[in-house]
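Hi,

Here is the structure I promised to send over. Have a look at it first, and then read on for my notes.

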Amino acid sequence: MKPSSMVQGTFDDLGVALADVTFVVVDLETTGGSPSGCQITEFGAVKVRGGEVLGEFQTLVRPSTPIPPFITVLTGITNAMVADSPSIRTVMPQFLEFAAGSVLVAHNAGFDISFLKAAAAQTGHRWPTFPVIDTVRLARQLVHKDEAPNHKLGSLATLFGARVTPDHRALHDAQATVDVLHGLIERVGNLGVHTIEELQSYTSRVSTAQRRKRFLADEMPSAPGVYIFKDGSGEPLYVGTATDLRRRTRTYFTASETRRRMAEMVGLAESITPIVCATPLEASVRELRLIAKHKPRYNRRSRFPEKAVWVKLTDEPFPRLSIVRTVRGDGAHYAGPFASRRTADAAITALHEVVPLRQCTPRLAKTASSTSACALFDLGRCGGPCIGAQSLQDYSHVAEQAAEVFSGSSREAMAALRGRLDTLAAQERFEEAATLRDRMMALVRAAARAQRLRPLTATTELVAARRREGGGWEIVCVRHGRLAGTTLTPVGADPVPYIEALRTTAEIVAAPSQSTDALPVIGPSALAEETELILAWLEKPGTRLVELEGRWTCPVDGAGASRAELEPQATTWSTVDLLDPAPQRPQDRPVGALPPPAA
């Protein structure tokens with residue numbers, strides 16, 4: 001049995017006025033304090049709407065065990081009084097019918113509702129999803145200590161002038177709770193609470209000014225997209241995404257929003273701008289772009305993508321590792337991006353542990369340019385190309401090892417690092433081992449990230465589709481790692497015309513500059529985080545590859561495989577197309593691989 005639609009409103013609706021809501025105020029007497037070992041001895045309930053009493057429900061219940069003497073002293077209910085009363089199996093369906101379609105109200109509702117749920121389970125009835133109002137919770141926020149000594153039902157009944165004095169008999173206590181409920185509703189009404197949805201989510205933590213701004217969400221559409229809170233001058237304060245813009249933005253004016261900075265943001269907001277998006281992926285991408293563009297002060301993530309850094313294996317006769325902020329088409333190898341220089345330094349240190357690259361910063365010519373080497377040469381950590389101790393050819397083999405970690409296989413380097421880790425652990429040098437582990441993870445994560453981003457960035461165009469839950473297809477067009485367009489097809493429609501229209505109207509994305517076909521640049525067509533969002537969408541089960549211009553592969557034993565060994569929950573790629581269980585390479589997949597339209 002479900003409550004009527006009148007009280008099942010959500011934030012999608014304007015809300016049901018409190019005067020139109022049917023409340024059933026309930027109180028129970030029991031044999032003890034826990035439903036696991038105690039039973040109900042009396043029901044008392046009052047049905048009210050708009051301040052008018054519609055009906056009452058009262059009955060004693062015969063428990064299967066004797067009533068303890070101290071309970072008899074408290075309630076006045078004796079074993080003799082309940083001896084001829086109906087059992088809970090008779091009473092429970094009667095109460096559920098009486099309360100159907102209402103909002104349940106109780107003083108200390110957790111107690112009464114727990115007993116009611118236990119009784120429903122005991123008698124084989126499904127517990128309906130009743131909305132519940134607890135007058136104790138409301139009173140704690142609305143009644144101050146100088147008004148009443150506590151928030152017990154007797155104290156509140158006196159404060160609000162209840163017509164019935166509570167006396168631990170179910171119906172009397174329920175009748176007193178009705179007057180307490182009406183007194184509390186009057187108070188919250190003065191604070192701008194006028195619907196059952198607002199009453200359910202009411203908390204004194206939400207300021208009156210914040211609550212009164214809920215009208216800002218009234219014109220929001222019930223559709224997926226991006227929302228932008230703006231101040232009086234039109235400056236963006238916060239950017240977010242939602243599967244339902246109306247429902248999500250309404251939560252900012254209720255207790256559902258617990259972040260302190262969001263309450264401050266709502267206080268400054270004067271408008272909300274919606275941007276309806278065809279798909280959730282489009283909404284997520286638009287959010288990233290808007291945050292990067294406007295840098296709203298109340299967004300914490302993705303505000304400064306330009307601060308990301310990369311580790312670069314320089315393109316010079318004797319390459320070295322360097323931290324840079326820009327990826328260029330200069331033939332160099334890159335790993336990243338990293339969120340901070342600290343993690344980039346950790347990755348460099350890890351690679352230096354197993355690959356004896358030079359660590360000095362001057363650009364070296366093909367011939368020796370120094371008469372003395374640094375301490376790393378004496379320690380055997382560098383071949384000394386600066387003093388001519390290592391030829392260009394010999395050093396090129398060292399550089400190839402580092403480049404392989406960035407762009408190819410990382411197994412040898414990872415095996416060497418794990419060997420060192422095992423040695424430190426065996427020697428019980430656990431702090432050093434932990435430091436090396438963190439450095440190794442920084443390296444493998446960055447290399448795996450670059451190896452995942454690079455193939456999609458190099459792809460001229462990729463069109464993919466995934467079935468929607470209600471039918472039809474969600475289709476995306478990706479060009480050089482950037483979302484160029486997305487669309488939805490109607491249920492039962494042939495997707496091919498929609499795909500062609502999408503390709504024709506999708507954004508034209510310039511290819512990133514690249515020095516060779518084998519080593520494409522990772523940017524700058526799109527933010528790295530945007531490309532990763534697209535990759536996550538492509539990797540979800542059920543995604544179909546429709547069109548592919550280019551070659552979309554990653555090394556089988558690259559950093560992604562190493563990361564999977566270290567972090568089993570991490571996503572990995574291989575040269576096999578993961579969108580298809582069949583072992584086809586992406587470039588060999590037939591074009592237009594969508595099934596016939598759904599009937």
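Salt bridges first: this is a predicted model, and the count in it comes to 11 salt bridges. One of them joins the side chains of R169 and E42, at 3.0 Å from N to O. R169 sits in the loop between α6 (153-159) and α7 (170-189) while E42 is in strand β2, so the pair ties together parts that are 127 residues apart in sequence. R169 is partly exposed, with a relative accessible area of 22%, whereas E42 is buried at 2%.

R187 and E147 also meet through their side chains, with 2.6 Å from N to O. Here R187 belongs to helix α7 and E147 to the loop between α5 (135-142) and α6, so parts that are 40 residues apart in sequence are tied together. Both ends are partly exposed: R187 has a relative accessible area of 23%, and E147 has 31%.

Then there is E530 with R289, where the closest N and O atoms are 2.7 Å apart. E530 is in helix α19 (residues 528-539) and R289 in helix α12, so this pair links parts that are 241 residues apart in sequence. E530 is buried, at 0% relative accessibility, but R289 is partly exposed at 25%. There is also a network of salt bridges that links E461, R479, R503, E547 and E549.

Now for a charge without a partner. D27, in strand β1, is buried yet has no salt bridge. Which side chain of opposite charge is nearest to D27? That is R169, 8.5 Å away. D27 does touch R169, and its other contacts beyond four places in sequence include E42, F43, G44 and D112.

D112 brings us to helix α4 (residues 109-122), where the buried residues are A109, D112, I113, F115, L116, A119 and A120. Seen down the axis of α4, these fall within an arc of 160°, so they line one face of the helix. They pack against β1 (22-30), β2 (40-49), α3 (88-99), β4 (103-106) and β5 (132-134). The length works out too: at 1.5 Å a residue, the 14 residues of α4 should span 20 Å, and the end C-alpha atoms are 20 Å apart, which agrees. After α4 comes G124, with a positive phi near 80°.

Back to helix α12 (residues 280-294), which also holds L288. L288 is buried, with a relative accessible area of 2%. Beyond four places in sequence, L288 touches R301, S302, L527, E529, E530 and L533. L288 and G240 are 48 residues apart in sequence, and their C-alpha atoms are 9.1 Å apart in space.

Last, some strands. β9 (residues 309-313) runs antiparallel to β10 and is joined to it by four bridges, with V311 standing opposite I323 in β10. In β10 (residues 321-324), L321 and I323 point one way, S322 and V324 point the other way, and all are buried. β9 also pairs with β11 in the antiparallel sense, again over four bridges, and there L313 has H333 as its bridge partner. Six of the six residues of β11 (residues 333-338) are buried, so this strand is largely enclosed by the rest of the structure.

Cheers

Definitions and conventions: Residues numbered from 1 in each chain as written. Predicted model: local features only at pLDDT ≥ 70, side-chain atom pairs only at ≥ 80, totals over all residues. Heavy atoms only, no water. Buried < 20%, exposed > 50% of the residue type's maximum accessible area, 1.4 Å probe, protein only. Helix = DSSP H or I, 4+ residues; strand = E, 2+ residues; numbered from the N terminus. Pairing = 2+ DSSP bridges. Contact = heavy atoms within 4.5 Å. Expected span 1.5 Å × (residues − 1). Arc of directions from axis to C-beta. Lys, Arg positive; Asp, Glu negative; His and termini not counted. Salt bridge = Lys/Arg side-chain N within 4 Å of Asp/Glu carboxyl O.
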